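Okay, thanks everyone. Let me put the structure up and walk you through a few spots I picked out.

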Amino acid sequence: MTMINTSMAGKELLWFNNTLVAIQVSSADGEDGICVVEHRQPYGDSAPLHVHRNEDEVFHILEGRIFFVIDGRERVAGAGETVLAPKGLPHTYRVESREGAHTLTVTRGSDFETMLRKASRPAERPDLPPLAAPTPQTIEMLTRLCAENGIDIVGPPLE
């Protein structure tokens, strides 16, 4: 499945794990430090259970369906819905729709954006990278970069 999105074309495109990312608004662009990240995610993509120490994380679903667990509470959200994961609360998600998901993630501050930039690599093309299971080295690097940027990994991704 190709997840080409013309709205992402011309932006700095990054491959973050198995996702395609474009930073639409950098935290450095405005005085309030708002960051807007556009994501294309494959079916089954799941973040490890994590906690943001310094910033709320807002997910706006443009396409697809995502299962969220926030502080132990479960919720499914689809296109047009917005989900808040408040700072200090453990949260994770899993993409449920077979066609994948297209989302905007909004944070205030540079923690998430900095971690994302350091953990990503330039996208070779404007679609999803080849699927790859995380290696122990990748998990260690992501855990370290998250910790350095106010995000604590506290559990595994959803299966």
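I'll go through the cores, then one glutamate, then a hairpin. Keep in mind that this is a predicted model.

So, the largest nonpolar core. There are 14 residues in it, and the ones touching the most other members are Phe 16, Val 37, Met 115 and Leu 116. Who contributes? Strand 1 (13-16), strand 2 (19-25), strand 3 (34-41), helix 1 and helix 2 (136-148) each give two or more residues. Helix 1 gives the most, with four residues. Take Leu 116: leaving out residues up to four places away in sequence, Leu 116 touches Phe 16, Val 21, Ile 23 and Val 37. There's also a second, separate core, with twelve residues, including Ala 47, Ile 70, Ala 77 and Tyr 93.

Okay, the glutamate. Helix 1, residues 111-119, also holds Glu 113. Is Glu 113 buried or exposed? Its relative accessibility is 4%, so Glu 113 counts as buried, the cut-off being under 20%. And what does the side chain of Glu 113 reach? That would be the backbone nitrogen of Ser 27, at 2.7 Å. Not counting residues up to four places away in sequence, Glu 113 touches Ile 23, Ser 26, Ser 27 and Cys 35. Ile 23, you'll remember, is also on the contact list of Leu 116.

Last stop, the hairpin. Strand 6 (residues 65-70) and strand 7 (residues 73-78) run antiparallel, joined by six bridges. Phe 67 sits opposite Val 76 of strand 7. Two residues lie between the strands, and in that turn Asp 71 has a positive phi of about 55 degrees.

That's my tour, thanks.

Conventions: Residues are numbered from 1 along each chain as its sequence is written. This is a predicted model: local features need pLDDT of at least 70, side-chain atom pairs count only at pLDDT 80 or more; totals for chains, interfaces and linings use all residues. Side-chain values use heavy atoms; hydrogens and water are left out. Buried means under 20% relative accessible area, exposed over 50%, partly exposed in between (1.4 Å probe, protein chains only). A polar contact is a pair of N or O atoms within 3.5 Å; within protein, one must be able to donate a hydrogen and the other to accept it, and residues adjacent in sequence count only if both atoms are side-chain atoms. Contact means heavy atoms within 4.5 Å. A nonpolar core is a set of buried Ala, Val, Leu, Ile, Met, Phe, Trp, Tyr and Cys residues joined through side-chain atoms within 4.5 Å. Two strands pair if DSSP finds at least two bridges between them.
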